Amino acid sequence: MAEDSTYTDLLLHVTGEAVFTGDRYAGSKMLYGKVVTSTEANARIKSMDITRALNLPGVCCILSAGDIPGENQLGTVIADEYCLAPAAVTFRGQAIALIAAESRETAEEAAGLIRISYEPLEPVTDLETAMMKNMLIAPQRRIVRGDPQTALGKAPHVLNGRLATGSQEHWYLETQSALAVPGEGSGMKVFTSSQAPSETQMVVARVLGLRKNQVEVEVNRIGGGFGGKETQANHVAAWAALLARVTRLPVRLQLRRTDDQRITGKRHRFISDYTIGFDDSGKILAYRIALNADAGAATDLSMAILERAMLHADNAYFLSDVEILGRAYRTNLPSNTAFRGFGGPQGMAVIEQAIDRVARFLGKDAASVRQVNFYTPSHQTTPYGQILPDNHLQTMFDRLVISAQYFERRKRSDDFNSRNRYFKKGIALTPVKFGISFTTSHLNQAGALVSVYTDGSVVVNHGGTEMGQGLHEKIRTIAAKEFGIDPSTITITPTNTTKVPNTPPTAASSGSDLNGMAVKNAIDSLKKRLIPLAIGELANRNGGISRAAETITFNDNSIFSGSDPGVRIPFPALCHKAFLKQISLSSTGYYSTPGLFFDREKGEGVPFHYFAYGMAVSEVMVDLLTGEHTLLRCDILHDTGRSIHEQIDRGQITGGFIQGAGWCTLGEIKWDKNGSLLTDGPDTYKIPTIGDIPSIFRIDLLENAPCKGTIHSSKAVGEPPFMLGLSVWLAIKDAISASGNHETEPEYTLPATGEVILKSIEDIIKRCPAKGLPPLEGEGGEGS
């Protein structure tokens, strides 16, 4: 029996045989790299003494900015990020020098011997100060429709508010890593854990002063990325390549966990101000929002992230009169970067908070207020003018409230809360409408190379990177279906810039959409060559009867005519015959998403190929005395179109939701006033664990909802489920609100850590003493 490819990949992981960048060994002469970073957040470099470090036995070289042969620049969008700081530093953790040594221990010891003298300057390490000083990293952006100011003036009710949403550490299991191996002449090969091999190739070539064709970048697999290796993997690759160029020896550079957390950027924290006008039914009449993002010390992808936050400020709700402002501010912290959702969570959190407030103000159930405001399956458009041709929101709501027993459980929750003083339950339903495509339109393209061998086995190479999301397995499934062969006969080779050039990052949930289409197009080219040969061979086997090309079918590891399926040619036999007939069995494929554009000046356009929808109901219990919460149950209904691989999609929904819930409740990042990261390891920074998964966790895929114009009618699933974590955040808020009988609006921020929960409860008690907690005496057994 043919070996199952899915099982093989799984087996490699669980046995430790799967090769990651940090596992690669380049021989006994391989050196180990170390980056020396700034201990100041904002300062001029007065001097640097490397004498003692350079004299340490086993140290091969120490490099600084003056040793860079090319351009001292890492920025891929805006050139504002040095590879090595030349004269000043703008955040703690900024790279100043590089060390190559014969062992990791020697490199670490040498780093401790380097003495750097600074002239400290005043740092700005909080967003509020950056906003006050107007430290914009780029001009403000704006999307507007209708006349929100006039509509607010006419609205029966108006609420104003501010929401702070926190940062988040990627906490991929494999830290940033690269292995640079010098080639012949000036050539350089870099093995890296990058989500964007072509960008890494560009950055390495620029820093080394080479052409792109002199740099080869390969990615076998990545031990988690979540956006953190879209641009910032370029740094480690460039540093390793610089050391390898000087020493002419292979150099491996992999960051320690604490260094990774201190050096790299994170999810952008936001401070968002909003005003919402509504009527007695909860219908939104006007909405104004100003999204303020902490970009960090350099631009990186901040403006694209801010833009997506603006494009998702409506989430699933039609806004007739709306103004959306976006501003990104520079601070003296590591440059913040891509993270799953790419700004979408920050934009959606605000309107979900606003609607929750509207419901409490009106004394209505929040799910019902959400339903009133859903986009309808008509010609309604988003604030930027894009229609929603496959709007499933109402259908999903109707199904989920029944399958999750939302309204019945709401009543049971209220009953529980009336009988318990120190434990309160909360429940919330939240939707997601997430646009799929890069908002930087030219990135919506992909390439592939498909090669067929004479025994019928197939090798596929494409521009996407495998980081645990199952992309390669989905591509294998697509290729198998197109060729009509067993998936076990298909191999997906490591992503390599010499095989498929000029590829976009594997990001924006578009990996399967783009690369799957490119692979299909390559296979279509091959089938076009093979079909005439197949017609002739089938005629030879069927008494000379020739069949029309459109009837030829590739299925069941063979080729046959639909009008005569009994006469077949095995796929390997046809491939061997093609070789004998001098027919090429290798083809490239290319795909670009049609019809995308966005006018940033007007704030109008079609930035997305389609929208993916999801909905979740989460129920929690909160201990009012400790601030601890328990996620009791979660029901998710998600739209994946016609799923290419249901198991992978369910896994992505599970992981995305839990990671989103982590952002909403656990992952608090803190810096001191001098820009030093206080949460730089697993002992101080919390990520979700097995104990955070609800005991009742139900995931269903929306049925009978194929998506037009996508690979096999599927939809992306990488990012949309992340935002469903907001249902946990608002369920906690609902439980807190129950401590005041839902009569007082809780003071609330994101993440809802135990500290935030306790402060919110205390605030309700202070503002509404009659609803405060009674003495503990006599209590026991409540909360069961």
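This is a predicted model: local features need pLDDT of at least 70, side-chain atom pairs count only at pLDDT 80 or more; totals for chains, interfaces and linings use all residues.

Terms first: on a 1 Å grid over the protein atoms alone, a cavity is a set of points where a 1.4 Å probe fits but cannot get out, while a pocket is an open set with protein on both sides within 12 Å along at least five of seven lines; a lining residue has an atom within 4 Å of a point. Grid points are joined across faces, edges and corners, and a volume is the space filled by probe spheres set on the points.

Residues are numbered from 1 along each chain as its sequence is written, and side-chain values use heavy atoms, with hydrogens and water left out.

**Entry 1: cavities.** I looked for cavities of 30 Å³ or more and got five. I listed 13 lining residues for the largest cavity, and nearest its centre are Asp-513, Leu-514, Tyr-591, Thr-593 and His-609. Helix α15 (residues 511-541) is the top contributor to this lining, with three residues; helices (H or I, at least four residues) and strands (E, at least two) are DSSP runs, numbered from the N terminus. By class I get six nonpolar, six polar and one charged. Here Ala, Val, Leu, Ile, Met, Phe, Trp, Tyr, Cys and Pro count as nonpolar, Asp, Glu, Lys and Arg as charged, and the others, Gly among them, as polar.

**Entry 2: second largest pocket.** I read off about 810 Å³ of space for the second largest pocket. Its lining has 34 residues, with Glu-128, Ala-164, Thr-165, Thr-749 and Leu-750 closest to the centre. Elements giving two or more residues are α4 (127-132), β8 (157-165), β13 (270-278), α10 (344-362) and α19 (754-767). The largest share, five residues, is from α19. The lining splits into twelve nonpolar, ten polar and twelve charged residues.

**Entry 3: strand β17.** In the β17-β18 hairpin, five residues sit between the strands, and Gly-456 takes a positive phi near 90°. Strand β17 (residues 445-452) has six of its eight residues buried (under 20% relative accessible area with a 1.4 Å probe, protein chains only).

Methods: Buried means under 20% relative accessible area, exposed over 50%, partly exposed in between (1.4 Å probe, protein chains only). Two strands pair if DSSP finds at least two bridges between them.
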